[in-house]
Structures are given as structure tokens and as C-alpha cells.
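I opened this notebook to keep a record of what I look up, one topic per entry.

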Amino acid sequence: MRHAQPRIRAAFSLAVTSLLVISLITSQWWLGDSPQQMQFDTRLAPPSVHHWFGTDALGRELWARTLAGLALSFWVGCLAALLSTLIALSLAALATLSRRLDALVSLLIDTLLSVPHLILLMLIAFALGGGTQAVIIAVAVTHWPSLARVLRAELLQLRQAPYVRISRALGKSRWFVLYRHLLPHLLPHCLVGGLLLFPHAILHEAALTFLGFGLSPSQPAIGVLLADAMRYLSGGYWWLGVFPGLGLLLMVLSFDRLSSHLRRAL
Amino acid sequence: MLCVALVSFGLMMASPIDPIDAYLGPQMAQISPEQRELITQRWGFDAPPAVQFGHWLRQLVSGDLGWSHIYNQPVSEVIGQRFQRSIALLSGAWLLSALLGFGLGVVAGAKEGSALDKVISTYAYITASTPAFWLAILAVLLFSVTLGWTPTCCAGPTGTLSQDVSVATRLHHLVLPITTLALLGIANITLHTRTRMLELMRSEVATHAFAQGASRMDVAWRHGLRHASLPAVTLAFASLGELFGGSILIEQVFAYPGLGQATVAAGLRSDIPLLLGIALFTALFVSVGNMIADTLYSVIDPRINVSGT
């Protein structure tokens with residue numbers, strides 16, 4: 001029983017996360033255009049049976065907007081995490097090819113880590129002129145160092161493994177070894193690493209958007225919703241601030257739990 | 001540092017936002033192409049990027065960070081003033097989160113599996129995934145709007161000069177931002193310290209101590225503190241960057257006129273010299289933090305010789 005419990009928990013968190021993901025992916029079909037639909041007779045309505053999360057200053061349904069925002073965050077997070085993993089993998093692979101490249105990659109990692117994440121994100125998003133693409137790139141470019149370090153260490157260790165040395169001794173090229181022997185070994189690490197990046201990516205996307213550097217204010221992103229809520233804070237319209245953030249928290253938490261379960265299983 | 005300078009300068013060069021447009025603002029339409037040309041020459045924008053970078057770097061070394069057009073002050077002055085206000089927020093939150101985080105971690109680790117441990121761990125996991133600005137919004141909603149305990153914004157009452165604000169009022173305005181910022185920083189240190197304590201409790205040192213009749217709290221106090229303090233100190237200094245990032249968001253929510261707010265303003269209104277200055281400054285800040293952590297290493301644990309490695 002003591003061994004079964006973590007498994008049950010892992011399965012539970014997998015179930016919750018997949019349910020969330022499925023509902024988010026399909027949300028754009030069953031939500032339709034309700035996140036953008038304005039109804040001026042029900043402006044700033046508090047949560048009730050008709051308006052689950054209440055409505056905003058333009059009479060738009062907050063629960064539809066929250067869900068749409070989460071879906072948006074999900075896609076941005078997915079792309080950013082994927083891109084970031086790719087960067088980490090390719091740089092880690094490059095670093096193991098030669099000593100000089102290794103020093104270069106280390107220098108790059110140190111440079112990136114010495115500027116606070118958020119400042120760097122703002123700089124990059126600013127340089128790219130904002131928008132969805134800029135956010136994805138900014139998040140991807142800033143989140144790879146930790147994963148790259150793990151992968152590099154793993155690669156260095158793997159390189160000493162007998163089958164790799166035999167393969168090298170048989171005259172296979174570096175690229176062949178990398179491709180056939182090392183990459184398959186690294187894929188699980190990449191998967192878990194990417195999944196671990198995902199919550200961070202979402203949080204940073206929301207923060208960036210909240211500050212006004214990210215997605216455009218016309219999109220129903222969580223950061224936009226919360227920035228809107230800021231303006232109505234002193235009027236006591238609590239639902240505007242509470243629900244979008246709560247949604248984001250639940251999404252991040254579910255992915256965080258899932259990825260840490262997976263990491264333990266690895 | 002040089003790398004940071006190079007990277008951030010490169011990013012600014014790549015920016016599609018024309019610095020002259022940003023500088024002129026609404027007057028943009030009133031200016032003739034000839035005048036524009038003149039400004040470009042005067043500011044040296046017609047030189048190739050490498051020359052511009054060299055020029056900027058030379059100024060940097062002589063201590064001139066440039067002129068901030070949104071505050072109409074030299075960048076170094078803006079940063080100095082803003083940082084003075086931010087440092088109260090940052091240091092308060094930092095101390096609070098380090099001490100509280102460490103304490104909670106030790107307690108949770110010492111009593112593994114107890115109800116207290118579960119509460120602390122759950123709390124740490126949840127705050128680790130909470131968006132900083134959302135927590136700040138909730139705090140404003142609850143304590144400022146609903147309960148009315150603390151002011152909703154700024155570093156002092158609106159309409160008064162900063163010299164006239166008393167220390168007590170200042171603190172009153174700082175309480176909520178500091179607490180919010182600290183609450184978020186705690187999680188990391190707590191989880192890390194807890195892991196370290198678990199390690200210790202399973203080690204032979206602990207078994208020996210238990211055999212001699214020591215209680216769990218005794219062991220935690222005598223051995224655990226030393227065992228776990230080293231990584232906690234490192235983490236506390238290493239998290240300075242994250243703390244600063246958090247302060248940007250918190251300052252934005254509380255409208256606290258610190259460095260974080262200046263960063264956002266600089267970015268949104270294309271004040272490139274200021275943005276560059278802040279990026280460099282925070283990089284320096286973080287590097288100093290890491291350096292202190294390294295030095296403290298050898299003070300806490302004399303076995304580690306930093307200079308030798």
C-alpha cells in the first residue's frame with residue numbers, strides 16, 4: 001500500500017491535467033465568440049447562476065473569458081516550452097562536441113542567468129515589438145539554461161558509456177553517435193524537462209502580458225484580464241481579479257504536480 | 001558583465017521602435033526630414049552598430065549611462081532615486097522570506113509526515129505556482145479595499161511631498177508589498193531546506209544522536225541548522241534576481257514608485273537608455289549577490305575554499 005499511493009496520486013494528477021487540457025483545446029468550439037460578446041445591460045454583474053464568474057465592465061462573461069485566456073496561455077506555453085527544449089537540446093549537444101563550444105555555451109548560460117528573468121523577458125519582448133510571437137520567443141529564449149545544464153551533464157556521462165565508446169571506436173562519426181545512441185536516451189529527460197518548463201512559461205507569459213509587454217489587450221489573455229481587473233479594484237469588483245488568477249493557479253499547479261510525479265518516476 | 005552589456009545592446013539595436021520617433025512623440029508630425037537627419041547625426045544613429053556600441057561602452061566606463069527622456073534626468077540619477085525606494089521593499093521581503101522560509105523548512109523537515117509538515121509543504125507547493133501579481137491583487141482586494149487596513153497604493157499619501165512623509169506612514173505603505181513579495185519567496189527556500197533536513201534525519205549523524213536520547217527537535221536544532229543553512233544561504237542570494245523580478249510586478253500592482261515601476265515605464269514608453277541602464281544595474285546586483293553567497297560559503301563551511309576552485 002505504501003508503494004501504491006504515489007502511483008494513485010500520479011494517475012490522479014494525470015487525469016486532472018488531461019481533463020483540463022482536453023477542455024481547453026476544445027473550448028474554442030463550444031465557447032464560440034462568447035468571450036468577446038458584449039451585453040451592456042449586464043455590466044459588472046456579480047457571480048450568479050446566470051453569470052458563473054460574473055461579467056466585466058463591457059458585460060462580457062468572465063468565465064468564458066477566463067477559459068479562453070487559459071487556452072491561449074496553454075498554446076503559448078506549449079510552443080514556448082517546446083522551442084525552449086529544442087534550444088536546450090541543441091545547445092547541450094553542441095557543448096559536448098568540443099571544448100571551445102562548451103565554454104561558449106557556458107558563457108551564454110551565465111550571461112542569461114545573471115540578468116533577472118523578468119527584465120530579460122521585457123528586453124526581448126520590447127526588442128521584438130510585443131505580440132504573441134514576441135512572447136513565445138522571449139519565453140523560449142530565457143527558459144532553456146536549466147534544462148541545458150541537465151542535458152549537458154547527462155550527455156557527458158553517456159559519452160563514457162561502453163556502447164558509445166565502442167561505437168566511436170568502430171569509426172562511427174560524432175553525429176551518428178549523437179543521433180543513434182545519445183538522443184534516444186535523452187528524450188525522456190527532454191519530455192520531463194519541457195513539462196517542468198511549461199508552468200514557468202505560462203506564469204511568465206501572464207506576467208509579461210500583465211505588464212503590457214505581451215499579448216495585445218484585445219485578446220482575452222489572463223494577463224490582460226488581470227490588468228483590466230486592476231482598474232476596477234477599488235470599486236469592490238472582486239470577481240474580476242479572483243477568477244482569472246485562480247484559473248491560472250489551478251492550471252499551473254496541475255502541470256507542476258504532473259511533471260514532478262513524472263520526474264520522480266524517471 | 002560585458003556579455004550582458006553586449007546582449008542587451010544588441011537587443012535594443014534590433015528593436016523595431018525608432019528611438020527618434022519615441023523621443024519626439026506627438027511632435028513627430030511637425031518635424032521635417034532635414035531636421036530628422038540632423039537629430040540622427042547629432043545622436044550618432046547613422047554610425048554602424050559596432051561604433052555605437054563602442055561609444056556607449058566608453059561612456060559607460062566613465063560612469064555616464066545616458067539621459068532618460070521620460071523622467072528628464074540622467075539615467076544614473078533615476079536609478080539611484082528609484083533604487084533607494086525599492087531597497088526598502090526588497091530588503092524587507094528578502095529578510096522575511098529567507099528567515100521564515102528557512103524556519104518553516106527546518107520545522108517541516110524535522111517532523112516529516114506530521115500534519116504541520118503537510119500544511120507547510122502544501123503551502124509551499126501552492127505559492128510556488130501562484131502568479132506574483134495575482135497574489136498582490138488579492139492582497140489589495142482583501143486588506144485595502146475590503147478591510148481598509150492598508151493604503152491601496154504608492155509610497156506615501158497622494159498629494160504630499162516625499163520629504164514630508166513620516167517613517168511610520170512609509171512603513172504603513174510598505175507592509176503589504178513586503179508581505180506579498182516575501183510570501184512568494186518563502187516557498188523555494190522552504191522546500192529546499194526541507195529536503196536537506198530529510199536527508200539529515202536519515203543520515204548516520206541523526207541515528208547516533210537519536211541513540212543518545214536526543215529528540216527530533218534537538219537533532220534539528222543542533223545538526224540540522226548547520227546542515228541546511230549553507231544551501232539556504234546560497235539560495236537566498238541566488239534568488240535575488242527572482243526577487244527583483246517579483247518586485248517589478250508587485251510595484252506595478254501597488255503603484256509603488258520604485259525601480260520596478262521605472263523599468264515598466266521605460267519599456268512601455270521606449271526609454272532605451274533607462275532600460276539598458278536598469279538591465280545592467282540589475283545584472284550587477286545579481287552578480288554581487290552571487291559573489292556574497294560564494295564568500296559566505298567559506299565563512300559558514302571552512303572546508304570549502306572558493307579561491308582554490
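Entry 1, annotated spans. I began with residues 87-110 of chain B, where the chain is 100% helix and 0% strand and the end C-alpha atoms are 34 Å apart; I keep in mind that this is a predicted model. The span is one of those that the unreviewed UniProt entry annotates as "transmembrane region", the others in chain B being 122-143, 171-191, 232-254 and 274-293. For residues 122-143 of chain B I noted 86% helix and 0% strand, with 24 Å between the end C-alpha atoms.

I asked how many salt bridges the structure holds over all chains, and the count came to 3.

I then checked accessibility: A:Asp102 counts as buried at 18%, whereas A:Arg152 is partly exposed, with a relative accessible area of 26%.

In chain B, B:Arg194 and B:Asp117 form a salt bridge whose closest N and O atoms are 2.7 Å apart. Here too the pair joins distant parts of the chain, with B:Arg194 in helix 8 (residues 167-201) and B:Asp117 in helix 6 (residues 115-128) of chain B, 77 residues apart.

B:Arg196 counts as partly exposed at 28% relative accessibility, and B:Glu199 is partly exposed at 44%.

I turned to A:His204, which is found in helix 7 (residues 174-211) of chain A and is buried, with a relative accessible area of 16%. Its side chain makes a polar contact of 2.8 Å with that of A:His143. Leaving aside neighbours within four places in sequence, A:His204 is also in contact with residues including A:His117, A:Leu118 and A:Leu121.

Last, I noted a nonpolar patch on the surface, formed by A:Leu82, A:Leu83, A:Leu86, A:Leu128 and A:Ile137, with about 440 Å² of accessible area together. Helix 2 (residues 62-97) of chain A gives the most to this patch, with 3 residues, and A:Leu86 lies in that helix.

Notes
Residues are numbered from 1 along each chain as its sequence is written. Chains are lettered from A and ligands numbered from 1 in the order in which they are written. This is a predicted model: local features need pLDDT of at least 70, side-chain atom pairs count only at pLDDT 80 or more; totals for chains, interfaces and linings use all residues. Side-chain values use heavy atoms; hydrogens and water are left out. Patches are made of residues with over 30% relative accessible area and no salt bridge: like charges are joined within 9 Å, nonpolar side chains (Val, Leu, Ile, Met, Phe, Trp, Tyr) within 5 Å. Accessible areas come from the Shrake-Rupley method with a 1.4 Å probe; for residues, only the protein chains shown count as cover. A salt bridge is a side-chain nitrogen of Lys or Arg within 4 Å of a carboxyl oxygen of Asp or Glu. Helices (H or I, at least four residues) and strands (E, at least two) are DSSP runs, numbered from the N terminus. UniProt positions are given in the numbering used here, feature names are shortened, and annotations may be inferred rather than shown by experiment. Buried means under 20% relative accessible area, exposed over 50%, partly exposed in between (1.4 Å probe, protein chains only). A polar contact is a pair of N or O atoms within 3.5 Å; within protein, one must be able to donate a hydrogen and the other to accept it, and residues adjacent in sequence count only if both atoms are side-chain atoms. Contact means heavy atoms within 4.5 Å.
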